[in-house]
Amino acid sequence: MVKLRLKRCGRKQRAVYRIVAIDVRCRREGKDLRKVGFYDPIKNQTYLNVPAILYFLEKGAQPTGTVKDILRKAEVFKELRPNQPKFN
């Protein structure tokens with residue numbers, strides 16, 4: 001099963017995160033399938049590769065709680081097809 005989760009980057013006390021599609025059996029810093037976004041909580045910046053995110057969501061990838069909140073704030077779930085499951 002594939003999840004969309006945050007992968008920690010940056011230095012001490014200055015964390016930035018990549019949003020990646022990764023197998024659930026891999027650890028947080030493990031090999032990812034594809035990088036699909038970027039999130040900086042300090043500057044409150046977000047970059048999302050929306051077509052790649054929609055591709056993984058349509059294939060059944062599950063976003064983690066924090067990634068789900070980021071995607072909801074960016075209104076990515078509104079772009080899913082009507083027959084796809086909604087993530088509330």
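Author: D40 sits in strand β3; helices (H or I, at least four residues) and strands (E, at least two) are DSSP runs, numbered from the N terminus. The model is predicted, so local features need pLDDT of at least 70 and side-chain atom pairs count only at pLDDT 80 or more, while totals for chains, interfaces and linings use all residues. Residues are numbered from 1 along each chain as its sequence is written, and side-chain values use heavy atoms, with hydrogens and water left out.

D40 is buried but takes part in no salt bridge. Buried means under 20% relative accessible area, exposed over 50%, and partly exposed in between (1.4 Å probe, protein chains only). A salt bridge needs a side-chain nitrogen of Lys or Arg within 4 Å of a carboxyl oxygen of Asp or Glu. For D40, the nearest side chain of opposite charge is K43, at 4.7 Å; Lys and Arg count as positive and Asp and Glu as negative, with His and the chain ends not counted. Apart from neighbours within four places in sequence, D40 is in contact (heavy atoms within 4.5 Å) with A15, V16 and Q45.

Across the whole structure, the search finds four salt bridges. One of them joins K7 and D32, whose closest N and O atoms are 2.8 Å apart. This pair links distant parts of the chain, 25 residues apart: K7 belongs to strand β1 (residues 2-11), and D32 to the loop between β2 (14-23) and β3 (34-40). Both K7 and D32 are buried.

Another salt bridge joins D69 and R72, at 3.2 Å from N to O. These residues lie three apart in helix α2 (residues 65-73), so about one helical turn separates them. D69 is partly exposed because its relative accessibility is 43%, and R72 is partly exposed at 36%.

E75 and K78 also meet in a salt bridge, with 3.7 Å from N to O. E75, at 45% relative accessibility, is partly exposed, whereas K78 is exposed at 65%.

As for the rings, those of Phe, Tyr and Trp (its six-membered ring) pair if their centres lie within 6.5 Å; planes under 30 degrees apart count as stacked, over 60 as edge-to-face and the rest as tilted. The count comes to one aromatic pair. The centres of the Y55 and F56 rings are 5.3 Å apart and their planes stand at 75 degrees, so the pair is edge-to-face. Y55 is partly exposed, with a relative accessible area of 44%, while F56 is buried at 11%.
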